Amino acid sequence: MLRLATESSRCLKSSATYVKPNTLFARTYAGGPRPVRRPSRMVLSSKVADVKPTIDRHSPAQGLNKTIANIKPHILEKRKMLAAKKIALKKQEEEKPKNKVRPMKHMKMAQALAGVPREVRNQMNEKVQKIKGFGDFNLLDEVREAACKDALKGLEVTEPTDVQALVIPQLTGEGRKKRNKSGLPKKKELESFLIAAETGSGKTLAYTIPIVDAIKQQEMKEANEAQLEALDNPKPKYDDVDFEIPTPEKDMNGRPRAVVLVPTAELVEQVGAVIKSFCHRVKFRCSLISADYTPKVIRNRLFGGPIDVVVTTPLLFNSLTKDHPNLLNRCTHLVADEADSLFDKSFSPITTELIHRCENLEKLILCSATIPRSLDNRLRERYPEMTRLVTPNLHVVPRRVQLQVVDCDNQLYRGNRLLACADTLYTISKDGTEEGFLKKVIVFVNEREKAKEVADYLKSKDLDAVAFTRDTSDPEQVEVLKMFTADKVEVPKECVGRARMKVLVTTDIASRGVDTKTVKNVVLFDKPHSAIDMIHRIGRTGRMGRRGRAVVIVDKFTNKGWIKDIKTAMYMGGPLV
Ligand SMILES: Nc1ncnc2c1ncn2[C@@H]1O[C@H](COP(=O)(O)OP(=O)(O)OP(=O)(O)O)[C@@H](O)[C@H]1O
């Protein structure tokens, strides 16, 4: 402080405008005696320049005045390299075309289906190309004729589909009879097959033809053996005996050679009709057993005479086999149609139990339009030697089916999904297609309760809608489903627009296996839970080479990226994953 004061006084002295030091005092003591001026006792320090400023190493300002960073050279080198790398990456990123996102990102994230490698698809395609007609199969003439003239009645040219070309030679055992070293056929072992092909590709016929052929071949073989035995050991004459001798035919009562399991009573009817179409020409007996029939009818159908094929649901047949263990002891072929349903959590224990009960089972055939990853893993564990017959177009929704998206959050509907659905149906009714015929549209919802609500709303909007769910007991509603699986229905010319449209509001019950071959339009009211449900629902249209349209209603909660990916996959003709 002292030093500062002295310096300031020196400054004042050197300045041009010098002010007398005691003028202030002079004013203060105006009128009084002037204070005596004494010389200053303050002496300038001679060491001012020598005093070094002390640096507090811990002060926050320490090192602020540094001009060169004290960084070690190797760290500096590393930092430089990192910076160069960062710049190069940024440059690369900038050079990439913008808006290019990972293809099918949303679909791959929600992956539910098992993937099929391209090589497998190509291999199967080569096998399919080799087959030109039903004549190329090693079948009994009557079976081939029944397939072409009865099962595919109404078609001028009959050609096997991809799945039939692939499956029939395998199941009829052409060139794959295992022989042991002695040259004799091996003892019969269980062979398991997984048939997987796109919806509406004729899977039912693909397993029916070989089964009917095998039944007939076995029958002929047994008849020959019986004849030889009769020649070797002539029977005593029973003409004068008054009791009925059990014939081999009698033994067949309630003991089918083949059992076809399907998940619903509706499918029992549908698959049963395909198998029964062979009965007339090939001569065998097929019985349909489901909860739709009374116990008396079931008993008559099972035990009323010889029986070769039974088409049934697992739950009912399992309870029947518990009461009648002999039911399955002649069964050599067992089919689980819609295998992904029959091996899901609810059905799997029953289906597996039934398979184990078939002691003489030779061929286990699983059939499905989709192979979920979980099922794929389980089957690989349970049946490691299973033959997989997969068509080149498995999990592909054909390009002939158009997918449209309706956003119910737009200005028109303002989030009203029901209104969006009704408007979509109005648009379909006016599109000018299917002239002169009844227009059949299926609306899929996710929950049973919703089906009735949607059907009621559509009715209030003057649309002819019916709900069909597992709870449906009304015979009229069941009739509507039959109408959807039947051929085209002609309508009078004056019947136009909404008047010639029939709407079926349903759940997944009608999405699996139901052959709605004349349905051209499907509306997905709710977004399907997975690609599996999507394939089955869209698969109700565009069957067997026909064209179709699917409309999916979305809102702000729908994963639009997923829908977009599905649309892209469909457009590109690739599989949904
Ligand atoms: N070789 C063929 N030529 C022409 N039509 C055929 C042929 N085979 C089957 N079809 C017809 O194709 C339609 C679909 O057959 P099917 O119901 O067996 O399909 P799917 O593959 O089981 O379908 P989904 O997976 O939906 O159950 C049926 O109407 C059937 O008559």
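In the predicted model, Ser 192 has Leu 364 of strand S6 as its bridge partner. Strand S6 itself spans residues 363-368 and is mostly covered, with 5 of its 6 residues buried. Strands of a sheet pair through backbone hydrogen bonds, in either a parallel or an antiparallel manner.

An open sheet of 6 strands is also found, with the order S8-S13-S12-S9-S11-S10 and parallel pairing. Strand S8 (401-407) and strand S10 (465-468) form its edges, each pairing on one side only. On average, neighbouring strands of this sheet are turned by 20° against each other, direction ignored. Helix H17 (residues 448-460) packs on the sheet, where it touches S9, S10 and S11. The direction of helix H17 makes about 175° with that of S10. Inside the sheet, strand S9 (residues 439-444) and strand S11 (residues 501-506) run parallel and are connected by 6 bridges. One of the residues involved is Phe 444, whose bridge partner in S11 is Thr 506.

The protein is divided into two parts: domain 1 covers 118-172 + 189-229 + 252-390, and domain 2 covers 401-572. Taken over C-alpha atoms, the centres of domain 1 and domain 2 are separated by 31 Å. Contacts between the domains involve 15 residues of domain 1 and 13 residues of domain 2. On the side of domain 1 that touches domain 2, helix H10 (residues 265-282) gives the most, with 3 residues. By class, the residues on this side of domain 1 comprise 5 nonpolar, 7 polar and 3 charged.

The ligand is surrounded by 22 residues, of which the closest are Gly 202, Lys 203, Thr 204, Ala 369 and Gly 513. Helix H8 (residues 203-232) supplies the largest share of this shell, 3 residues. The shell around the ligand consists of 10 polar, 7 nonpolar and 5 charged residues. Because domain 1 and domain 2 both give residues to the shell, the ligand lies between them.

Note on methods
Residues are numbered from 1 along each chain as its sequence is written. This is a predicted model: local features need pLDDT of at least 70, side-chain atom pairs count only at pLDDT 80 or more; totals for chains, interfaces and linings use all residues. A residue is near a molecule or strand if its C-beta atom, placed from the backbone, lies within 6 Å of it. Helices (H or I, at least four residues) and strands (E, at least two) are DSSP runs, numbered from the N terminus. Ala, Val, Leu, Ile, Met, Phe, Trp, Tyr, Cys and Pro count as nonpolar, Asp, Glu, Lys and Arg as charged, and the others, Gly among them, as polar. Domain bounds come from an automatic or database domain assignment. Two strands pair if DSSP finds at least two bridges between them. Axes are lines fitted to C-alpha atoms, for helices over the stretch in contact, and angles run from 0 to 180 degrees between N-to-C directions. Two residues are in contact if their C-beta atoms, placed from the backbone, lie within 7 Å. A residue is buried if 20 or more other C-beta atoms lie within 10 Å of its own, exposed if 12 or fewer, and partly exposed in between; C-beta atoms are placed from the backbone.
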